[in-house]
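Student: Can we go through this one together? I'd like to start with the strands.

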Amino acid sequence: MFPFATCAEPGCSALALSGSERCAAHLADRAAFTAARAAELAAGAGPIEDLDLSGLEFVGLSLEGRSFRGCRFAGSSFRNSSFAGAVLRLCFFDFASFDSCDLSGLDAQYCCFAGSTFHDVSFENSELVHNNFDGVSTQSCTFNYSNLYNSRFVRARFARTDFIDCNLKKAYFLLTSEEEVSWKYSNTQEAVRDPDRVVS
Ligand SMILES: [Zn+2]
């Protein structure tokens with residue numbers, strides 16, 4: 001799991017980022033730091049583990065097919081970036097934002113995307129099992145042909161987002177708002193959509 005050392009800035013309780021003694025807000029040159037970390041990630045080929053790169057802005061990052069374990073990107077933003085075919089285990093993307101990104105063919109388990117926003121993002125053909133998508137906001141996104149088994153979308157807001165031919169068994173869609181959403185060919189009867197049906 002990512003280290004839990006706090007930022008060296010006096011009075012700051014945020015976690016320090018990997019490769020620094022400071023959090024994103026207290027980096028001397030955040031753009032240069034982000035560019036250096038992005039270049040390191042893109043140059044490698046092996047698994048990416050125990051990394052905390054929270055609060056950074058990534059543009060054009062391609063990490064297709066890579067494997068991540070115990071990493072944290074809380075509050076980070078990704079634009080025109082790809083995690084297609086990547087494997088994520090126990091990773092934290094809470095309050096992150098994804099704009100025009102390819103997350104298709106993703107294999108994500110025990111990950112947290114709570115409070116994140118997704119615009120023009122594809123999750124097609126993904127294994128999204130045991131993940132937390134509570135409070136997410138999606139616009140022009142697709143989850144088509146994906147397995148959402150036991151993932152949670154409590155208080156999510158979906159706009160122009162499709163869930164065609166998905167496995168929704170034990171997927172929780174409670175108190176959601178939906179605008180132009182298609183559930184065609186998905187087993188909606190096996191999803192939990194009624195708060196009175198929630199079992200622990
Ligand atoms: Zn700090």
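Predicted model: local features only at pLDDT ≥ 70, side-chain atom pairs only at ≥ 80, totals over all residues.

Student: In what order do the strands of the open sheet come?

Tutor: The order is β2-β4-β6-β8-β10-β11-β12, seven strands with parallel pairing.

Student: Why is one side of β2 and of β12 left without a neighbour in the sheet?

Tutor: β2 (57-59) and β12 (177-182) stand at the edges and each has a single partner strand, so one side of each has no neighbour in the sheet.

Student: And the twist, what does it average from one strand to the next?

Tutor: It averages 10°.

Student: How many bridges join β6 to β8?

Tutor: Five, between residues 97-102 of β6 and residues 117-122 of β8, and the two run parallel. One of the residues involved is Asp-102, whose bridge partner in β8 is Ser-122.

Student: What about β8 and β10?

Tutor: Four bridges join β8 to β10, residues 137-142, again in parallel. His-119 stands opposite Gln-139 of β10.

Student: Which residue of β12 is opposite Thr-161?

Tutor: Val-181. Strand β11, residues 157-162, is joined to β12 by five bridges and runs parallel to β12.

Student: Switching to the core. Which residues have the most contacts inside the largest nonpolar core?

Tutor: Phe-93 and Leu-106, in a core of 57 residues. The elements giving two or more residues to this core are β6 and β8.

Student: Which residues does Phe-93 contact, leaving aside neighbours within four places in sequence?

Tutor: Phe-73, Cys-111, Cys-112, Phe-113 and Ser-116.

How values were computed
Residues numbered from 1 in each chain as written. Pairing = 2+ DSSP bridges. Axes fitted to C-alpha atoms, helices over the stretch in contact; angles between N-to-C directions. Core = buried A, V, L, I, M, F, W, Y, C linked by C-beta atoms within 7 Å. Buried ≥ 20, exposed ≤ 12 C-beta atoms within 10 Å, placed from the backbone. Contact = placed C-beta atoms within 7 Å.
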